[in-house]
Amino acid sequence: MAGLVFLVALAFKGPEFFLPMGEDQGIFNYAGELLLRGGLLYRDLWETKPPAEYLFHAAVLALLPEPWETCWLATYATTCGQLLLHAVDLLYSFATALALYGVGRSFLRPSFAWVAALLGVVHLNAVMLSQEGSIPEKHLLLPMTLAVWAYLRAQASASGRWLLVAGFLAGLATLFKPPGVVVGGVLAAHLLLRGHGGAPVAWRAGRLALLSGGFALAWVPLVVYLLAEHLLADFWLQVVVFNLEQATSNPQRLVPFVVQRTWQVFSQSSGLLWLLAALGGGLLLLPAHRPPRASLWALWALGSTLSVGWGGAKLVQSYFLYLVPSFALLGGYALQRLWDMAGLAPPRWPALLRASLVLSCVVVLVLSSGFQRRVALRVWYDRWPHRTAWTMEEWLAMDLPHGKPLYIWGGSTQVYVLARARPPSRYVHAAFLSRQHSAYPSYLERRRELMCDLLRQPPATILIAPKTWWTDPDGTEALNLSTFPELERFLGQFYTPGQLHRREGWTRFNLRLPAGVGGQGAGAGGQQECDLTPLLAPDPRSPTPEL
């Protein structure tokens, strides 16, 4: 059965091997290379996630001397780094499915624990959720699932050691992304409410201390690192303050986004999983044949559902990956109960009912996997057996001279990676410099630092991504260049517009450096003041308050 689980994982992961590097992968790869060069997170790169995902990418890329050289998958050309990251991600999702099997064995028969693992691996690798593959939303699920497995071992043996392990794994999940804390909360709630029946409160409090101690232990290396490098304030501002600010930004968009994204994921990716999980959750409420620790499975599903809302109005499809482990277990339980109920039918009916159950699941899976089908067809027509399409970012990376200083307003961080370019500032993502996910005036303070960095080290080329105007045509999100007059004037004074052949929508500016520009104070991310006076003259066109 393990072989079947791996083959199913490969079948669903397969299309991602042929997809181009996206913006998120660009950020993770850039951060990984920064770490390999000896750079410091949160000082040399302004980012809003804990460090585990960047360390994961650094560890994978360290295996290759030239990760962005061309590698071949049969007749398909990609980069060696992307190919290796996808291969590791495939193995990682397989390991998560095996962990699901281990947890499922605590209340499911072996065959249906494998069914839960199959449900898990299918939806872990569904392209709509997995997106670019190697992402923190997926990677936190392995330590999360293993934390539940260790907790079950602790419950079975009354061993404090396993509680420490469970807490440590829950803390490790949080180091990938803050919603990983949910599993720690679920285990703590179950320990206090239901753990060991009528055990004394003092005994349960001691067990909770062990669980919490393990959780804190996972964070000790990070705290030591932050203190040693004097990065604690940067980490707090970027990972804690910014994420809370983002979660509360644009509240008027929250309900429409939740409805829209939920329907997209249900109808085009996870319909089967959600229907089976809903059925399994309902069966948990029935007193007859209730499985062991039913409250734990219900709490896990509830906590996972709540964690999807972590991003507030910035709700993306990958956040629904948090649901997969708990929902897969509930789905396995639902199928086990339906299978058993079919066996109670009169002779000759059980086989027919069970065949109908399997066929129904296959039909629902096919009907609710429309996005997967479209991506597979895109790969078939555009990228296999010979590649016939490239993204604009890939064309740009081929056009630009490799290794030259570069800055991009609007994101597309994968261009930095593919062109082997280093930006002069730690702000490589425009979302942190706009009102997309930031509140006024915090993004204005970051813009000031960016402009100081550009004045100190003017890059040879500055690119303006087309999404700055097609996603923000009226400037309400402060992503449109017209809402950033300081950068507009900087380009007008020190740069000449260039041509981008075949790059419709992109604008390229080439440096024409006059005397007196550059070399002002500290490097990127430095605290020394710089003179922005020439760029701060009032501009009546700007709807954004001046810095």
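Q: Are Glu137 and Lys177 buried or exposed?
A: This is a predicted model, where local features need pLDDT of at least 70, side-chain atom pairs count only at pLDDT 80 or more, and totals for chains, interfaces and linings use all residues. Residues are numbered from 1 along each chain as its sequence is written, and side-chain values use heavy atoms, with hydrogens and water left out. Buried means under 20% relative accessible area, exposed over 50% and partly exposed in between (1.4 Å probe, protein chains only). By that cut-off, Glu137 and Lys177 are both buried.

Q: How far apart are the closest N and O atoms of Glu137 and Lys177?
A: These two form a salt bridge, meaning a side-chain nitrogen of Lys or Arg within 4 Å of a carboxyl oxygen of Asp or Glu. For Glu137 and Lys177, the closest N and O atoms sit at 2.4 Å.

Q: How many residues apart in sequence are the parts tied together by Lys467 and Glu23?
A: Lys467 and Glu23 form a salt bridge, with their closest N and O atoms 3.0 Å apart. Lys467 lies in helix H21 (residues 467–470) and Glu23 in helix H2 (residues 23–36), so the pair ties together parts separated by 444 residues.

Definitions and conventions
Helices (H or I, at least four residues) and strands (E, at least two) are DSSP runs, numbered from the N terminus.
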